[in-house]
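Hi there,

Here is the structure I promised to pass on to you. Have a look at it first, and then read on for what turned up.

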Amino acid sequence: MKSDIPPIQTLLQNYFLQRLLQQRKVSPETTHSYRDTFRIYLSYMRQVHQLSPTEVGVEHFDLEYVQGFCKYLEDIRGNKPVTINNRIAAIKSFMHYVSEMEPEYSAIAKRSLMLPAQKQELPAMDFITKEEFDAMITICDTTTFIGARDKLMLMIFIIPGYGCPSCLPSNNLISKEPTAVNMQI
């Protein structure tokens, strides 16, 4: 390795101070999340590969290491795909920075950027019960504009075929004429 190439510690420091905070102006939450990602990654490198933080280099961000890190997050730390994807995003963002700042590492960066996001199952809400709909309607404070608006939106969106057809009140908001809306909420 050439002596004029900055160590990973310098790249990480510049990434946080220059790229994230000054150029991208990311939120403190994003900064903390990314910081935690690299803390966990360095801990993973120590536990699994017996490398101290000072021994870790850019070459340790190659695809095989990052894939191992994802497996570690899932198996050892019990992280869900959404958390693992956030960690992957932080590492990919850093590797984009590395490839721009140190083109010598573009091959490593390119390989690590090939890591796909983990698939996650999103819970689908196919329907709501009449009791759930009634609870949502009841909670709307119709003495305020926002409450009346919320109730109107709920009643418009809960239409036959879209969730809870039996939830519609007998005195529909929408009159028989297509252009008239009964605003008696």
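Let's begin with a charged pair: Asp150 forms a salt bridge with Arg149, and their closest N and O atoms are 2.7 Å apart. By salt bridge I mean a side-chain nitrogen of Lys or Arg within 4 Å of a carboxyl oxygen of Asp or Glu. Asp150 is partly exposed at 25% relative accessibility, and Arg149 is partly exposed too, at 36%. (Buried is under 20% relative accessible area, exposed is over 50%, and partly exposed is in between, using a 1.4 Å probe and protein chains only.)

Before going further, please keep in mind that this is a predicted model, in which local features need pLDDT of at least 70, side-chain atom pairs count only at pLDDT 80 or more, and totals for chains, interfaces and linings use all residues. Residues are numbered from 1 along each chain as its sequence is written, and side-chain values use heavy atoms, with hydrogens and water left out.

Back to the charges. The whole structure holds five salt bridges. Another of them joins Asp36 to Arg35, with the closest N and O atoms 3.0 Å apart. Here Asp36 has a relative accessible area of 27%, making it partly exposed, and Arg35 is partly exposed at 31%. There is also a salt bridge between Lys71 and Asp75, whose closest N and O atoms are 2.8 Å apart. Both residues sit in helix H3 (residues 63-75), four residues apart, or about one turn of the helix. Helices here are DSSP runs (H or I, at least four residues), numbered from the N terminus. Asp75 is partly exposed, at 46% relative accessibility.

The largest nonpolar core has 34 residues, and Phe61, Phe94 and Met95 have the most contacts inside it. A nonpolar core is a set of buried Ala, Val, Leu, Ile, Met, Phe, Trp, Tyr and Cys residues joined through side-chain atoms within 4.5 Å. Two or more residues come from each of helix H1 (8-23), helix H2 (28-49), H3, helix H4 (81-101) and helix H5 (106-113). H4 gives the most, with eight residues. Leaving aside neighbours within four places in sequence, Phe94 is in contact (heavy atoms within 4.5 Å) with Ile8, Leu11, Leu12, Tyr15, Phe38 and Phe61. A second, separate core has five residues, including Ile128, Phe133, Ile137 and Ile158.

Beyond its neighbours within four places in sequence, Arg19 is in contact with residues including Tyr97 and Glu100.

In helix H2 you will find Leu42, which is partly exposed at 23% relative accessible area. Not counting residues up to four places away in sequence, Leu42 touches Pro53 and Val56. Leu42 and Val56 are 14 residues apart in sequence and 7.7 Å apart in space, C-alpha to C-alpha.

Which of its residues are buried? They are Gly147, Ala148, Lys151, Leu152 and Met155. Helix H6 (130-139) is part of what covers the buried residues of H7.
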